[in-house]
Amino acid sequence: MRKTSITLQGIGVSPGIAIGKAQQLNLGLTPIPHYTLLGDEAVQEECERFEAAVAKAEKSLEVIKEELDPALQDHVHLLEVHQMILRDRLIFDETLKLIREKKYNALWALKRSLLKAHELFRSIDDEYIRGRVADVDAAGELILRNLAGQDHDLRNEIKERAIVVARDLSPADTAQLQLERTLGLVTDMGGRTSHTSIIARSLNIPSVVGAEVVTRFVDTGDILIVDGTTGRIVVNPTDDEIRHYLQRQEDEENYLKEIKRKAHLPAVTQDGVAITVEANIEMLEEVVAAKDNGAEGIGLYRTEFFFMNRTDVPDEETLFGEYRELAELMAPHQVTMRTLDLGAEKLAVSFPRHQESNPALGLRSIRLCLHYRDLFKSQLRAILRAGAATKNLRLMFPLVSGVGELLQAKAVLKEAKEELSRERMAFHEDMPLGVMIEVPSAVAVADLLAREVDFFSIGTNDLIQYSLAIDRVNENVAYLYEPLHPAVLRFIRQTVRAGHAAGIPVGICGEMAGEPSYVPVLLGLELDSLSMNPQAIPRVKNLICRSRARGNQKFVNRLLKIPTAQEISTLLQDVLMKRFPEEFRILEPGLPTSKALQRQGMLKSLENIPS
Amino acid sequence: MKLDRLQSMTEQDQEFVVANRLGIHARVAAQIVKVANQFQSDIWITKSGSTVSGKSILDILTLVCPQGSKVRVSASGVDASEALKALATLFQTKFGES
């Protein structure tokens, strides 16, 4: 009998459409039988069986470590920690004790030890330490699978090209996947910056994460459609749906191929205004994607990524090596190095001791750097040194709230330069310095900030959240996340005008820059540069080249007189459909009225949203 | 045989302050265990009255030692002084971190 088609919504983290058979990876679901062993001989055998399972798990981690992709070398220490947990007295000795004394079968004895460890970790106040229970589970699961006789080698599980469906994928799991056989990835857990998402993006595998319940609805062998652009998943699609998506897949691929061919050309409007289009990246490996897609530089290098997914803090030399390689790879194009912008959600890994009731307004980003001056200075030194030869690096401070804070950060920068001079180290003395404009107070004093720096870059994601006072991952208020809110547009205009009055360029490096639908608005607001995910560049460049700057300025003057985001959005949509019909016939416009609200499909109070 | 071992056993301890910025996180705990496992002696780590095995990564992690924690490391066994010396180096070099 034919199964009914179900559509689920997750977070699209790597664009493209994949259609294929699902392959469930049943990780973390080993069934646990429970029985009592009879006789000393059985006990002895069970102990040996357990020890063999541990040895096998140990060895499999060793193999993964050796075969690990060089891009993922940072995870080696994590695998070492897992190896050590396998032999930890609380797991290893405890399990053997339960087998011997209580005559439990090995699986049950191990499960009991793991549960005991869970209790121990749960009682701990420190968030970082409490979170390590995930490592205990990951290590435990390896032994459990061996004991249950499941072959956990993921390479053998994927027999044909398939869409991998899993609850979650750990670094060890992802490292083992045969990605050339993977058509797409779908997971229940995860977000845009989770490990799986980053790997998927860098390998161009259409992926949707955070789909919450997808594993419950999908069986191995089911036909699946994964739309990594919209985050939609269709399970057991109807023939019509398959036809629709096949057509979309083909149209999308052809269209993207065509505009990508022209992506290396500069983005100049028909009336001759050149816009610098750059890429936002977080790892060195993404430079290739950035260049392929026609980036004229890196407008935002998120340096914090290199600090995440690891438990130690990289020292100056390590950072210097990484940054210099980036500078050399991108030269002569410029690279904007944003200093550590560790947010609340990322704090837990590296800075275990700061638990705040309101992290978005807490010790983060530049504040955190000013709090840990040595850490900040070592990063500044690494950046200054890395730009010595190529001179293409720019420095940018995030989350600056006013001139006072900027001056403090500049004082640390001055110290770093003085130290480097004293030590006779080569560095780029006149490296351009900029600030991100993402706090409403920074907009208010933009004219004062402009005197102190060489450029502005507007971080629209945070600016929108802070100025509209909404947390966009909170589903009760996410509908209020309106990039076209008149306040946001006014803030951008005010920032651009303040920058231009002081003779410095102003760009945007938030998600707004990469959304093709906003091109007319951003051109009209007279931004000098736009920095975005590499994959978004060809579409944005294409639309810029087909626009007229002056016409858009008039259009934006009109928009700025409209009182609600909703009306602005409607007008913009009309204009887009008229000016770029084929663009938006093939790819849906990403305006808040359409996509963002669909994303909030789970919203309970839909009737409250103005339509 | 057992008696010989007992006679040559020594017990030593030393106090340290956890000096690296991140305190004893997973990788540091792994480093401590790695060093401790090179010796026959029993290794114990004490912090504010709780004592745990220096050869168990989970024990050390759940002792929770952020920067500034005062801990006492003790070693007892035939190679206690060598063990303590090796561990002292680790603590004093901030586990190779800043």
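Trainee: How many residues of chain B are in contact with chain A, and how many residues of chain A take part?

Mentor: Contact means heavy atoms within 4.5 Å. By that criterion, 21 residues of chain B meet 27 residues of chain A. This is a predicted model, in which local features need pLDDT of at least 70 and side-chain atom pairs count only at pLDDT 80 or more, while totals for chains, interfaces and linings use all residues. Residues are numbered from 1 along each chain as its sequence is written, chains are lettered from A and ligands numbered from 1 in the order in which they are written, and side-chain values use heavy atoms, with hydrogens and water left out.

Trainee: How much area do chain B and chain A bury between them?

Mentor: Buried area is the accessible area (1.4 Å probe) that two parts lose on being put together, summed over both. Here the two chains bury about 2100 Å², and 69% of it is on carbon and sulfur atoms. On the chain B side, Arg21(B), Leu22(B) and Leu58(B) lose the most area to chain A, together 33% of what that side buries.

Trainee: What is the strand order of the open sheet in chain B?

Mentor: Strands (E, at least two residues) and helices (H or I, at least four) are DSSP runs, numbered from the N terminus, and two strands pair if DSSP finds at least two bridges between them. In chain B, 4 strands form an open sheet in the order E1-E4-E2-E3, with antiparallel pairing. Strand E1 (10-17) and strand E3 (50-53) of chain B each have a single partner strand, so one side of each is left without a neighbour in the sheet. Strand E2 (residues 42-47) and strand E4 (residues 70-77) of chain B are joined by 5 bridges in the antiparallel sense. Within that sheet, Thr46(B) stands opposite Arg72(B) in E4(B).

Trainee: Which strands of chain A pair with E4(A), and in which sense, parallel or antiparallel?

Mentor: Strand E3 (residues 17-24) of chain A runs parallel to E4(A), with 3 bridges between them, and Gln24(A) stands opposite Val165(A). Strand E5 (residues 182-187) of chain A also pairs with E4(A) in the parallel sense, over 5 bridges; there, Thr182(A) is the bridge partner of Ala162(A).

Trainee: Is strand E4 (residues 162-166) of chain A mostly covered or mostly uncovered?

Mentor: Buried means under 20% relative accessible area, exposed over 50%, and partly exposed in between (1.4 Å probe, protein chains only). E4(A) is mostly covered, since 5 of its 5 residues are buried. Across chain A, 56% of the 611 residues count as buried.

Trainee: Which residues have the most contacts inside the largest nonpolar core?

Mentor: In soluble globular proteins, nonpolar side chains tend to be buried together. A nonpolar core is a set of buried Ala, Val, Leu, Ile, Met, Phe, Trp, Tyr and Cys residues joined through side-chain atoms within 4.5 Å. The largest has 108 residues, and Phe397(A), Phe456(A), Leu527(A) and Leu530(A) have the most contacts inside it. Helix H16 (residues 373-386) of chain A gives the most to this core, with 7 residues. A second, separate core of 74 residues includes Ile99(A), Trp108(A), Phe121(A) and Leu84(B). Leaving aside neighbours within four places in sequence, Phe456(A) is in contact with residues including Val435(A), Ile437(A), Leu449(A) and Val506(A).

Trainee: What span should helix H1 (residues 40-67) of chain A have?

Mentor: The expected span is 1.5 Å times one less than the number of residues. The 28 residues of H1(A) should span 40 Å, and the end C-alpha atoms are 41 Å apart, which agrees. Among the buried residues of H1(A) are Val43(A), Phe50(A), Leu61(A) and Lys65(A). Helix H11 (residues 239-261) of chain A, with 23 residues, should span 33 Å, and its end C-alpha atoms are 33 Å apart.

Trainee: Which residues of chain A have a positive phi, and where is a cis peptide bond found?

Mentor: Most residues other than glycine have a negative phi, and most peptide bonds are trans. Among the residues with a positive phi, Lys103(A) has a value near 55 degrees, in the loop between helix H3 (89-102) and helix H4 (106-122) of chain A; Lys103(A) is partly exposed, at 28% relative accessible area. Ala469(A) also has phi near 55 degrees, but Ala469(A) counts as exposed at 66% relative accessibility. The peptide bond from Ala331(A) to Pro332(A) is cis, with omega near 5 degrees. Pro332(A) is found in the loop between helix H13 (316-330) and strand E12 (335-338) of chain A.
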